[in-house]
Amino acid sequence: MNEHVIDRLSPYLDGALGAADLERVEAHLEACASCRRTYRELETLQGLVRALPDPEPPPGLADRLHWRLRREAAGLRRPAPLWWFSVRPPFRVALACATLLVVLGVPAAWMANRFAPPKTPLDTDAYVREYLMLSVDRPLGDEAAPPFVLSDTPASESPRR
Ligand SMILES: [Zn+2]
């Protein structure tokens, strides 16, 4: 007996075999009970499938097809998707997280900085010291004040009486 023809049974059933294959399969089916049984099962299955009712198209399909064909014939394109929906979902999530971080993080950082106690308390001594150092060369605000006079002026420089 030549080799089984199980892989040829489906095209045989569909009438899709060439003359040479057809003769070979028919001759084999005459002789081989195993392939004949498989063939009958396939035949039964095909009959059951053919007995199924044709699926009904969803309601409105014809109208939608007609509308779409008319629109394409008119050269109209589908409106461009919103930018957000053209981004791939993983990137969309990352982008949303980054945006949330900026939107919430910047004001939060600003508030925390604004209401936090100053990092170094004011050093009043250093402040006064610096003020004095910087104001040494400046004239006093009161110009009418008498110039500073040394009390131990040498007698030779003082007018004689
Ligand atoms: Zn066989």
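A residue is buried if 20 or more other C-beta atoms lie within 10 Å of its own. The legends below concern a predicted model.

**Figure 1. Helix 2 of the predicted model is hardly covered.** Helix 2 comprises residues 19-31. Among its 13 residues, the count of buried residues is one. From its first C-alpha to its last, helix 2 reaches 19 Å, close to the 18 Å expected at 1.5 Å a residue.

**Figure 2. The protein chain contains seven helices and zero strands.** Read from the N terminus, the order of elements is α-α-α-α-α-α-α. The chain has 161 residues, of which 3% count as buried. Among contacts with a separation of 6 or more, 55% are made by residues 24 or more positions apart.

**Figure 3. Helix 1 passes helix 3 in a right-handed crossing.** Two packed helices are described by the angle between their axes and the distance between the axes. Here, the axes of helix 1 (residues 6-13) and helix 3 (residues 33-51) come within 10 Å and cross at roughly 40°. Angles of 65 to 115 degrees count as roughly perpendicular and those under 35 degrees as roughly parallel; helix 1 and helix 3 are therefore oblique to each other.

**Figure 4. Residues of helix 1 meet residues of helix 3.** Helix 1 contributes Ile 6, Leu 9, Ser 10 and Leu 13 to this contact. On helix 3, the residues they meet are Cys 35, Thr 38, Tyr 39, Leu 42, Glu 43 and Gln 46. The residues of this contact of helix 1 with helix 3 divide into six nonpolar, three polar and one charged.

Terms used: Residues are numbered from 1 along each chain as its sequence is written. This is a predicted model: local features need pLDDT of at least 70, side-chain atom pairs count only at pLDDT 80 or more; totals for chains, interfaces and linings use all residues. Helices (H or I, at least four residues) and strands (E, at least two) are DSSP runs, numbered from the N terminus. A residue is buried if 20 or more other C-beta atoms lie within 10 Å of its own, exposed if 12 or fewer, and partly exposed in between; C-beta atoms are placed from the backbone. Two residues are in contact if their C-beta atoms, placed from the backbone, lie within 7 Å. The expected span of a helix is 1.5 Å times one less than its number of residues. Axes are lines fitted to C-alpha atoms, for helices over the stretch in contact, and angles run from 0 to 180 degrees between N-to-C directions. Angles under 35 degrees count as roughly parallel, over 145 as roughly antiparallel, 65 to 115 as roughly perpendicular and the rest as oblique. A crossing is left-handed if the near helix is turned anticlockwise from the far one by less than a right angle, and right-handed if clockwise. Ala, Val, Leu, Ile, Met, Phe, Trp, Tyr, Cys and Pro count as nonpolar, Asp, Glu, Lys and Arg as charged, and the others, Gly among them, as polar.
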